[in-house]
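Hi there,

Here is the structure I promised to pass on, with the sequence alongside. Have a look first, and then read on for what turned up in it.

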Amino acid sequence: MKTTTREWVDKAEADYAAALLLRKSRKKHARDIVCFHLQQCVEKYLKARLEEGGIAYPRTHDLERLLDLALPISPLWSTLRPALIATTTCAVEIRYPGRSVTAPEANALLRDATHISHLVRRSLGLA
């Protein structure tokens, strides 16, 4: 595994761990932060896969854009598009007034982020 790939994986795992730790607080205001870290986790895992595949990627939080770049090496990931579109909203939109994550949205995002993390890890040969 490339050094930069490993760095992306480590950063993704740190965001996932932070999300799980914050989720334990079960406070309403923590949901936005939990979801932000889950979005960051997924973004970094996708960038790890692109890095390992030798595919150039932009500085972006748009998970759908990253998916489009990854599809040539992982075509079955096209089924992830709806989850990635929903997850992308947690990169920026929830950090501003007027939008907060509901408990069901947070639960769905955790489920999706966990699933996507497992897919990427398997594609990278990680347990």
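L126 sits in the segment after α5. This is a predicted model, so please read everything below as computed from it. With a relative accessibility of 16%, L126 counts as buried, because the cut-off for buried is under 20%. Leaving aside residues up to four places away in sequence, L126 touches M1, R6, V9 and R121. Between V9 and L126 there are 117 residues along the chain, counted from one to the other, yet their C-alpha atoms are separated by 9.9 Å.

Next, the core. The largest nonpolar core has 35 residues, and L46, W77 and L84 are those with the most contacts inside it. Two or more residues each come from α1 (3-23), α2 (30-52), α3 (63-70), α4 (81-88) and α5 (103-123). The biggest share is that of α2, which gives nine residues. As a general point, nonpolar side chains in soluble globular proteins tend to be buried together.

Not counting residues up to four places away in sequence, L84 touches V42, L46, L63, L67 and I116. L84 is also one of the buried residues of α4, together with A83 and T87. These three lie on the same side of α4, because they cover an arc of only 95 degrees around the axis. The buried residues of α4 pack against α2, α3 and α5.

For C35, the nearest cysteine sulfur is that of C90, 4.5 Å away, and C35 is in no disulfide; the cut-off for a disulfide is sulfur atoms within 2.5 Å. C41 is in no disulfide either, and the nearest cysteine sulfur to C41 is that of C35, at 12 Å. Are these two cysteines buried or exposed? C35 is buried, with a relative accessible area of 0%, and C41 also counts as buried, at 0% relative accessibility.

The largest pocket holds about 170 Å³ of space. Its lining is made up of L22, R23, R26, K27, A30, R31, V34, A103, A106 and N107. The elements that give two or more residues to that lining are α1, α2 and α5.

Best wishes

Notes:
Residues are numbered from 1 along each chain as its sequence is written. This is a predicted model: local features need pLDDT of at least 70, side-chain atom pairs count only at pLDDT 80 or more; totals for chains, interfaces and linings use all residues. Side-chain values use heavy atoms; hydrogens and water are left out. A nonpolar core is a set of buried Ala, Val, Leu, Ile, Met, Phe, Trp, Tyr and Cys residues joined through side-chain atoms within 4.5 Å. Buried means under 20% relative accessible area, exposed over 50%, partly exposed in between (1.4 Å probe, protein chains only). Helices (H or I, at least four residues) and strands (E, at least two) are DSSP runs, numbered from the N terminus. Contact means heavy atoms within 4.5 Å. The arc is that of the directions from the helix axis to the C-beta atoms. On a 1 Å grid over the protein atoms alone, a cavity is a set of points where a 1.4 Å probe fits but cannot get out, and a pocket is an open set with protein on both sides within 12 Å along at least five of seven lines; lining residues have an atom within 4 Å of a point. Grid points are joined across faces, edges and corners, and a volume is the space filled by probe spheres set on the points.
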